[in-house]
Amino acid sequence: MKKILLTIVIMLSGCTTDIPQNTKIYERIQSPSPGLEAASTEYDAYTPLNYDRRKGMWISYIDLAPILSADNADDFRSTFDIACSEIADLGCNTIYVHVRPFGDAIYDSALFPPSEYLCGDYDPLEIICETAHEHDLSVHAWINPLRLQTADKLINFTGFQTAEWFKKGDDKVSSVDEDSHLWLDPAYKEVRELIADGAYEIAENYNVDGIHYDDYFYPTTDSEFDAKCFAERGMGSTLDEWRRDNISEMCRGIYESVKSVDKRIEVSISPQGNMENNYYKLYADVEKWINEEGYCDRIIPQIYFGYENTVKPFKSTLDEWQKMCSKGSVALDIGLAVYKIGQDVEFTDNTGIIARQIDDCKECQGVSLYTYESLFGEDREEERIKDEREAIRKVLGKY
């Protein structure tokens, strides 16, 4: 595949004292607009690596930050290789790697400004793909489609669409009272096309096996967030219906853009484990995505609940998701909350709880663990974490 060239010039605070303007040296990527049919069945040499039985792990931007502090490619590769070795030894076969957490890019991008977490002139995503594949790990590029940087950071960029919208006071970029981050408004076709183009850009230029995004949809239920746009474009729908349609159209655009590169690249979505929150608070019509074609290939609900949870007990919530997915063709994986060990009494006091939950998910197509740092971070040598890792390793070996 033809690789877009970009020297990443943004550095994390401590790597440089200035935040330079964008110095991109290439034309804006020319991607197919959402709605085009997928490309022919003739593909480039790379064959996406995806497993029917999925055993995944999320690597968040928080996990990546210390690795990205490497100022040269060799050091980054060496450190990330250790992470891949640990993940593979645990029994996982897939990683979901955060490459656009805040409307930024932890990769060479013509569309989104470089991330503040970058400290070198190498391309992390290229190395991530190469290194993970050496360990037979499937690589899924994880993006947050709508969440942007804070205003004080986005204002420093020029030449990128999100920054230009913000500087002009365009409603396509909005703020939320309870959140310091800016947000894209998915009601606008131009916003949805930018997001779809961004997914296309990654799929076209990297040997990723999938594109993945999670539950950062609408950031608020406040009607003032998009009141002007709704008044102009609501077309007789209720606000809730209109917002759900906007999110579904965004999902369809991502799916079609990725499939126009290669139908074999998987698109997965990780909504909240609470179905009611998805539908009424985030405006994510997950049931629609599961039962209608063209939105995603895999759904990974975050069932981050213990067995004793009084609102959403793990087992009954799992049963609800299995029932919902039983009629559709979308694969069901279950996201599990390793991060709650040490934070939640039930998870902390019950060694092997994650392994037990993995075993309960044996009728699903896979599981995914959140997050890498929870098992291999600074607490890795604590007996409680070592015992949980060993229990997970044993059950994944049979999963």
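Contact here means heavy atoms within 4.5 Å, and helices (H or I, at least four residues) and strands (E, at least two) are DSSP runs, numbered from the N terminus. This is a predicted model, in which local features need pLDDT of at least 70 and side-chain atom pairs count only at pLDDT 80 or more, while totals for chains, interfaces and linings use all residues. Residues are numbered from 1 along each chain as its sequence is written, and side-chain values use heavy atoms, with hydrogens and water left out.

**A helix pair**

In the contact of the two helices, Leu 64, Ile 67 and Leu 68 of α1 meet Phe 76, Thr 79 and Phe 80 of α2. The residues of this contact comprise five nonpolar, one polar and no charged, where Ala, Val, Leu, Ile, Met, Phe, Trp, Tyr, Cys and Pro count as nonpolar, Asp, Glu, Lys and Arg as charged, and the others, Gly among them, as polar.

**An enclosed strand**

Strand β7 (residues 210-214) is largely enclosed by the rest of the structure, because five of its five residues are buried, that is, under 20% relative accessible area, with exposed meaning over 50% and partly exposed in between (1.4 Å probe, protein chains only). Gly 210, His 212 and Asp 214 lie on one side of β7, and Ile 211 and Tyr 213 on the other. In a regular strand the side chains alternate between the two faces of the sheet.

Strand β7 runs parallel to β3 (residues 138-143), to which four bridges join it, and also parallel to β8 (residues 266-270), with five bridges; two strands pair if DSSP finds at least two bridges between them. Tyr 213 is the bridge partner of Ile 143, and Tyr 213 also stands opposite Ile 269 in β8.

**Salt bridges**

A salt bridge is a side-chain nitrogen of Lys or Arg within 4 Å of a carboxyl oxygen of Asp or Glu, and by this rule the count comes to 24.

Asp 226 lies in the loop between β7 and α7 (227-233) and Arg 243 in helix α8 (residues 239-261), so the pair ties together parts that are 17 residues apart in sequence. Asp 226 is buried at 2% relative accessible area, and Arg 243 is buried at 0%. Glu 256 and Arg 252 both lie in helix α8, four residues apart, about one turn of the helix.
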